[in-house]
Amino acid sequence: MIEVRRLDGVQPQPWRNRGGVTRELLSWPPAAEWAVRISVADINQDGPFSSFPGIERWFAVLEGEGVVLRFASRREVLDTTSDPLHFDGAAAPDCELQGGATRDLNLMLRSGAGQGRMQRAAADQEWLSPAPWRALFCTGPARLQIDDTDAARLPAMALAWSAHAARQRWRLLHAAGSDEPTPCAFWMSFESRHE
């Protein structure tokens with residue numbers, strides 16, 4: 001079964017440093033000891049990321065001119081065309097905006113809980129994964145097809161996910177009747193060490 005969560009249905013939570021807001025789309029399992037957390041952040045000013053020891057992070061720019069992330073030993077420049085960046089949540093890089101506010105997608109995985117990843121989704125290309133937990137986030141209207149059947153119609157800025165998707169054939173399709181280009185989209189997966 002596919003569940004869909006719209007960004008516009010989630011209350012924004014202001015950051016303590018007032019540099020932006022976060023909308024949490026999903027914590028799974030829904031408990032204090034979640035294994036997977038997906039959120040969208042609006043970054044309004046330069047400043048450091050929060051430190052999340054024991055968490056693996058994936059980060060992708062959805063809207064805006066992009067960011068420069070400065071880690072202790074490296075510098076990463078990211079924009080809407082960049083692949084997601086994977087890093088240790090304890091690293092807490094400094095973030096510098098490139099020409100204004102950005103909107104960004106975050107995937108957090110609790111270290112030791114299992115293996116996961118985020119990757120760009122290309123339209124009309126099949127995505128196969130053995131992971132039972134899988135998700136798709138789209139910036140614009142789209143359709144999710146699973147095993148050649150339409151499984152979900154996604155509005156702009158929405159997350160579709162399932163915890164029972166192992167070895168299914170997922171495909172991102174253009175929204176029917178839409179003249180818009182295929183939206184920026186990302187696949188996410190997680191496989192527990194206990195399964």
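By class, six nonpolar, seven polar and four charged residues make up the lining of the second largest pocket in this predicted model. That pocket has a volume of about 180 Å³, while about 450 Å³ of space lies in the largest pocket. The count of disulfides comes to zero.

**Second largest pocket**
- The second largest pocket is lined by 17 residues, and those lying nearest its centre are Q115, G116, R117, S189 and E191.
- Two or more lining residues are given to the second largest pocket by each of β6, β12 (114-120), β13 (126-128) and β19 (185-192), and β12 gives the most, with five residues.

**Largest pocket**
- In the largest pocket, with its space of about 450 Å³, 17 residues form the lining, of which W15, R16, T22, S50 and F52 are the closest to the centre.
- The elements that give two or more residues to the lining of the largest pocket are β4 (36-43), β6 (55-63) and β11 (102-110), with the largest share, four residues, coming from β4.
- The lining residues of the largest pocket divide by class into nine nonpolar, five polar and three charged.

**Cysteines**
- With the count of disulfides at zero, C138 is in no disulfide, and the nearest cysteine sulfur, that of C184, is 8.7 Å away.
- A disulfide requires two cysteine sulfur atoms within 2.5 Å, so the sulfur of C184, at 8.7 Å from the closest cysteine sulfur, in C138, is too far for a bond.
- C138 is buried, with a relative accessible area of 0%, and C184 is also buried, with a relative accessible area of 18%.

Methods
Residues numbered from 1 in each chain as written. Predicted model: local features only at pLDDT ≥ 70, side-chain atom pairs only at ≥ 80, totals over all residues. Heavy atoms only, no water. Buried < 20%, exposed > 50% of the residue type's maximum accessible area, 1.4 Å probe, protein only. 1 Å grid on protein atoms, 1.4 Å probe; cavity = no way out; pocket = protein on both sides within 12 Å on 5 of 7 lines; lining within 4 Å. Points joined across faces, edges and corners; volume = space filled by probe spheres on them. Nonpolar A, V, L, I, M, F, W, Y, C, P; charged D, E, K, R; others polar.
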